[in-house]
Amino acid sequence: MAEAPAPPAPALLLVDKPAGPTSHDIVAAARRRLPRGTKVGHSGTLDPFATGLLVLMVGRATRLAPFLTGLDKTYLATVRTGFTSRSGDTEGPIEPAGPPASAEEVAAVLPGFVGRVRQRVPALSAVKVEGERLYAKVRRGEDVTDLPERDVAIHALRLVDDLGDGDFRLEVHCGSGTYVRRLASDIGESLGTGAYCTALRRTAVGVLSVDDAIAPDEVSLDAAVDPLRALGHMARRDLDPAEAADVLHGRAVPAADAGADGGPVAMVADGRLIAVGAADGGALRPSVVIGSPR
C-alpha cells in the first residue's frame, strides 16, 4: 500500500479577497487548490462586500488562530455622508439624512473616535444574541433595538482623500473586534449628516500587508509563508536541536529570560516557528505546538 503523502508544513497564505465571496468561500476555494485533506482556516472575517487581506492558516498553523485573530488591523474605508444605512454599508436600506459633510467637518470630528471607545455592534452582524446571530434575527424581520455594546480600540484615524460630493476615504488602524461600518455610522451621527461605508479594504493584519497578498486563484503551497512572520511582535526563544525535540513532545525547556513579561513566546528552531509557549517559573512550557516530531 502506498504511503499517505506527508501533510504540508504549517504556514500562512496571504490572500487578497475580492468583493462578493464570503471569507468561508475563500477558504473553501483554497482547500480545493491544496493537497487533499489539508486543513485550512482563516483569522479575522471579512464581510462579503469588503476586500483586502485575508490570512489563511494551513495545516497545524490553524492552531495559531487565538494569536492571529487578535492582531491589530488597518483598513481603508470609503464613507458617504448625507445618508444612513441600517446595515452600515451598501446593503442598506439607505435613506437620505441631510446635506453631505465637508472635508473640514469630517477632519474635525475624527479625533473624538480615537482611543478606547464604546461601540454598538451593527444590526447585521454575526454577533450572537440569545443564541442566534443578529443578522438572522434582522433578516427575519425581528426588530432588534437593544444592540450589544463592546469596548474597541481605535489607534489612529485619518482622512486620506476627499472624493467629492460628500464621499471620503478614511484610514483606520484599530484593534481586533472593531466594526468599521459601525464607526462610519457613528461618524455620521457626530456630523449630523448620517454616513455609511460604500467600500472597505483591509490593508494590513499586524505586520502583514495586502501588498504581499495573492489572488484566490493563485493559492498554492509555493506562496506560503512561515507563521513566525506574523508573530514577530512576540518574545522569541531560539531552541537548540535537543530543546526543539523536547518542545515538539510537549516538554518544557529553560525560559532563559523569555516570557518574563507574562506574554506568549515564539519558540523557534532552525528559523521556523514550532510552538508558542508561556513562562512558568524558570521554565518555558509550550502551549500550542505546530511542529511535528520526526
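With which side chain does the side chain of aspartate 89 make a polar contact? The partner is the side chain of serine 87, at 2.5 Å, where a polar contact is a pair of N or O atoms within 3.5 Å, within protein one able to donate a hydrogen and the other to accept it, and residues adjacent in sequence counting only if both atoms are side-chain atoms. This is a predicted model, in which local features need pLDDT of at least 70 and side-chain atom pairs count only at pLDDT 80 or more, while totals for chains, interfaces and linings use all residues. Residues are numbered from 1 along each chain as its sequence is written, and side-chain values use heavy atoms, with hydrogens and water left out.

**Strand S11 and its partners**
- Strand S11 (residues 167-174) pairs with strand S4 (residues 73-81) in the antiparallel sense over eight bridges, strands being DSSP runs (E, at least two residues) numbered from the N terminus and pairing needing at least two DSSP bridges.
- Within this pairing, threonine 78 has arginine 169 of S11 as its bridge partner.
- Strand S10 (residues 149-164) also runs antiparallel to S11, joined by eight bridges, and alanine 156 has histidine 173 in S11 as its bridge partner.
- S10 and S11 form a hairpin with two residues between them, and aspartate 165 in the turn has a positive phi of about 55°.

**Surroundings of aspartate 89**
- Aspartate 89 is found in the loop between strand S5 (83-85) and strand S6 (94-96).
- A polar atom of the aspartate 89 side chain lies 2.9 Å from the backbone nitrogen of glutamate 91.

Technical notes:
Helices (H or I, at least four residues) and strands (E, at least two) are DSSP runs, numbered from the N terminus.
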